[in-house]
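Dear colleague,

My notes on it follow directly after.

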Amino acid sequence: MEIKEGLTFDDVLLVPKYSNITTRSQTDLSTKLSKNISLNIPLISANMDTVTESAMAIAMAREGGIGIIHRFLTVEEEVEEVLKVKRSASVMIENPYTISPDQSAKDAINYMHEKGVSGLLVVKDSKLAGILTHRDVMFESQSNKLIRDIMTKDVITAKPGITIIEAKETLRQHRIEKLPLVDDKGIIRGLITSKDITHNEDYPNASKDKKGRPLVGAAVGVKGDFMERTEALLNADADAIVVDIAHGHSENAINTIRNIKKAFPNCELIAGNVATARGAEDLIKAGVDAVKVGVGSGSICITRVITGSGVPQLTAVYDCAQIGKKYEIPIISDGGTRTSGDLTKALAAGASTVMVGSLFGGTDESPGSFVMKNGKRYKIYRGMASFYAALGRKSKETGNVTANEDLNDYVAEGVEAMVPYKGTVTDIIKQLAGGVRSGLSYCGAHTIPQMQQNAEFIKMSRAGFAESQPHDVDLM
Ligand code: XMP
């Protein structure tokens, strides 16, 4: 048997090339997530329950990337996370949340809290009757006062079809924050908010759908409710569905891809994970719009330890990218990214985007809980195939399972861990994107595709690797 060599990030460096780039702003990080979706930066937050729910996905989209909501939620909960992302910014909210004038202030506060909004339109007999904002109910949390007695009745409105510039002028003139769009019959046709307008100005690089709303993806499995889940997520306007299975080069994954594509031909479908050219080709032939690559490379993975299977990440990405190029299907490098250098190497090897878990795990936006150790703050970050993640899933399904029962047959392929608390993910995204921009410049490239053409890897020895780290100094 001929044994092939497999390489990963620390085995190689990119050979510097002549560059005519004078500032990082001359580089362009736009790239393809999948066949029909483009991003402004090549970053995806992982579909893990300690990484991506709506807060992370909103931050990712603001910076030009995308978050994939994890699937370890009920269908309703996952849909709600997608809707929260979609409603966090838009040119116009098509179906604003409404309430009846006969409900109480307490009801309004609860509803606003549940939906994460700061105002409600009051509707009577299908027509706009008033507006209620957070300020109207600020001190009424226990109050039974009726909405009709505290709402603003004379609402400034506009006709559907108003331009954003006109809407901004109306909001400015009247010093208001919300502008309902109402047709000639008094029926609400939409809502424009000052928050959405300033959002568009504050985040010029944001990745948006055709209606100006943040892009968001959502994961599904290959068993149980995956068809209903896909349908519900697509109805909530999820932009991409990710078929999430540890061993993606499998009959289960391929059947799932075929079934989803057959039922929802317009669905932008990503699937994985695979680690070989053959795996990538089989998923592409089954109909995927992007292939997720990485088996055992993740920081919390023990797949290689437990099963002996996997391919070092750089080789896996390179091999799959050759197939991706042939079929014009983007490749996502998933797992093992620790630095912007790793990210740049994955892109140079042919990935169009990179999915990140642990780097985003310890941030304000990740759903993991805080822990303290030796006076330092950490957040929990765990593999989705870890024992406690499996226990959590099982107890959600069956109501009540303890660590001692039912899971004796479960063989974990991931670990529970914690990562240092790092503040907001936005700062990390900026550092990563800045590092890739510099990486492009070292490769003499203005864009990611140019870097992929110019890239020349050099293999390094252990001494070369040691030389690449800070050395012979005491770090502060
Ligand atoms: P990083 O290195 O960014 O990797 O933390 C995140 C990726 O790791 C994968 N993942 C797992 N792999 N067992 C595995 O073998 C697990 O329990 C597990 N959980 C997550 C996943 O691809 C993720 O995006």
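How do the residues of the shell around the ligand divide into nonpolar, polar and charged? The shell comprises nine nonpolar, 11 polar and two charged residues. Please bear in mind throughout that this is a predicted model.

**The ligand and its surroundings**

The ligand is surrounded by 22 residues, and the closest of them are Ser 299, Cys 301, Thr 303, Asp 334 and Tyr 381. In Ser 299, an N or O atom of the side chain is 2.6 Å from an oxygen atom of the ligand. In Tyr 381, a polar side-chain atom lies 2.6 Å from an oxygen atom of the ligand. The backbone is involved at Met 384, where a polar atom is 2.8 Å from a nitrogen atom of the ligand. Of the 520 Å² that the ligand exposes when taken alone, the protein buries 90%.

Helix H6 spans residues 164-174, and its buried residues are Ala 167, Thr 170 and Leu 171. These residues lie on the same side of H6, because the arc they cover around the axis is only 95°. The other side of H6 carries Ile 165, Arg 172 and Gln 173, which are exposed. The packing partners of the buried residues of H6 are strand E9 (178-182), strand E10 (188-193) and H7.

Helix H7 has Asp 196, Ile 197 and His 199 as its buried residues. They fall within an arc of 160° when seen down the axis of H7, and therefore line one face of the helix. Lys 195 and Asp 202 are exposed on the face turned away from that buried side. The buried residues of H7 pack against helix H1 (54-62), H6 and E10.

In the loop between H7 (194-202) and strand E11 (217-220) one finds Ser 207. With a relative accessible area of 2%, Ser 207 is buried, because this value is under 20%. Neighbours within four places in sequence aside, the contacts of Ser 207 include Leu 39, Asn 40, Ala 61 and Arg 213.

Asp 244 belongs to strand E12 (residues 240-244). Is Asp 244 buried or exposed? Asp 244 is buried, at a relative accessible area of 15%. Its side chain and that of Arg 71 are joined by a polar contact of 2.9 Å. Setting aside neighbours within four places in sequence, Asp 244 is in contact with residues including Asn 47, Phe 72, Ala 219 and Gly 272. Gly 272 is 28 residues away from Asp 244 along the chain, with 6.1 Å between the two C-alpha atoms.

Gly 272 also takes part in a cis peptide bond, which joins it to Asn 273 with omega at about 10°. Asn 273 is in strand E13 (residues 269-274).

Thr 256 has its place in helix H9 (residues 251-263), and it is buried, with a relative accessible area of 2%. Beyond its neighbours within four places in sequence, Thr 256 is in contact with Gly 221, Val 222, Phe 226 and Val 243.

**Backbone angles and exposed positions**

Most residues other than glycine have a negative phi, and most peptide bonds are trans. Two residues with positive phi are noted here. Arg 175, which follows H6, has a phi near 50°. It lies in the loop between H6 and E9 and is exposed, at 79% relative accessibility. Asp 472, in the segment after H18, has a phi near 60°. Asp 472 likewise counts as exposed, because its relative accessibility of 77% is over 50%.

Ala 463 is located in helix H18 (residues 462-468) and is exposed, with a relative accessible area of 56%.

Yours sincerely

Notes. Residues numbered from 1 in each chain as written. Predicted model: local features only at pLDDT ≥ 70, side-chain atom pairs only at ≥ 80, totals over all residues. Heavy atoms only, no water. Helix = DSSP H or I, 4+ residues; strand = E, 2+ residues; numbered from the N terminus. Buried < 20%, exposed > 50% of the residue type's maximum accessible area, 1.4 Å probe, protein only. Contact = heavy atoms within 4.5 Å. Near = heavy atom within 4 Å. Polar contact = N/O pair within 3.5 Å; in protein donor to acceptor, adjacent residues only side chain to side chain. Areas by Shrake-Rupley, 256 points an atom, 1.4 Å probe, with all protein chains shown as cover. Nonpolar A, V, L, I, M, F, W, Y, C, P; charged D, E, K, R; others polar. Arc of directions from axis to C-beta.
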